[in-house]
Amino acid sequence: MAYSEFDLADVAAKLGVTVTDAPDLFAGVPGVPLSPTVQGLLPLYFPLAIANGTEKARSELLIAPVLADTREQLGRRVSLFSGWDFVVDRAKGLNGVCDYILCGSPQQEFITSPVAVVVEAKNENIKGGLGQCGAEMVAAQLFNERSGRPAESVFGCVTSGNVWRFLQLTGGELRIDQKEYYLTTQPDAIVGILFHILGGTNATLRGRGDPR
C-alpha cells in the first residue's frame, strides 16, 4: 500500500489507530488574518482555480499561498515541503508522495520533525482524503519517534483549496474535526488554526530538548 490507498477503515485496522469524531476540535483558537499581499491575491486566484477546475490549479493558486503565507508570518521558523516522497515504513504502507508537509524547523533542505501534513482532496472529496491524511500523520508520528523528537500531537488537514478540515493524532487516537472551514468566508480561522498547530507543536519540540 501507499498513503493514497488508505481509507479510514484501513487506518484503524492496519495501523492500530482509534478514530473518533471531535465536534469542534479548535474551539477558542483565535483567528489570524492573511497578510495584505495574499488577501489581495486571493480574489484573483479564486476565479482562476475555479475556471481551471484541476487539482494542480487549486494547489498552486489556493493551498500553497495560504501555507506559504502562514510560514512567512511565523518568521520562517517552520519549513514547508511540497510533493516530497516520504518513506517511513514500506511494510506498513507508510510511503508515497505527500502533497504538503510542515515541519518544526526553519531549514528547507530535508524533512525534520513533521508537525502537520496537508492532503489535497482528490475531486474535491474531503471525506475521501481523510484516510490518506491519517496514514501520513501516523508516518509523521513514527518518523518523529525514530528521530528522537516525539511530539505530543501530529496534525493534519484535508483541503479542496476552499474547504479545510483538520485532524489531530495523539498517541493512538485520531480525532477528526467535524467542522469545516471555508477560505472564501473564514480565512482568519484557517490561518489561526495553522498558527495554533505550528506554534504550539514547535514549543513542545523545543521543550523536549530541541535546540532551536
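Colleague: Hi! What does Glu60 count as, at 46% relative accessibility?
Modeller: Hi! In this predicted model, Glu60 counts as partly exposed, because 46% falls between the 20% and 50% cut-offs.

Colleague: And which side chain does Glu60 meet in a salt bridge?
Modeller: That would be Lys56, with 2.5 Å from N to O. Lys56 counts as exposed, at 56% relative accessibility.

Colleague: Nice. What about Asp10, which residue does it form a salt bridge with?
Modeller: With Lys14, where the closest N and O atoms are 3.8 Å apart. They too sit four residues apart, this time in helix H1 (residues 8-15), so the separation is about one helical turn.

Colleague: Is Asp10 buried or exposed?
Modeller: Asp10 counts as buried, at 15% relative accessibility, whereas Lys14 is exposed at 51%.

Colleague: How many salt bridges are there overall?
Modeller: The count comes to six. One of them joins Glu72 and Arg76, with the closest N and O atoms 2.9 Å apart. Glu72 is partly exposed at 42% relative accessibility, and Arg76 is partly exposed at 47%.

Colleague: Switching topic: how many residues of H4 are buried?
Modeller: 14 of its 17, so H4 is mostly covered. Helix H4 covers residues 130-146 and reaches 24 Å from first C-alpha to last, close to the 24 Å expected.

Colleague: What is phi like at Gly148, following H4?
Modeller: Positive, near 75°.

Notes:
Residues numbered from 1 in each chain as written. Predicted model: local features only at pLDDT ≥ 70, side-chain atom pairs only at ≥ 80, totals over all residues. Heavy atoms only, no water. Helix = DSSP H or I, 4+ residues; strand = E, 2+ residues; numbered from the N terminus. Expected span 1.5 Å × (residues − 1). Buried < 20%, exposed > 50% of the residue type's maximum accessible area, 1.4 Å probe, protein only. Salt bridge = Lys/Arg side-chain N within 4 Å of Asp/Glu carboxyl O.
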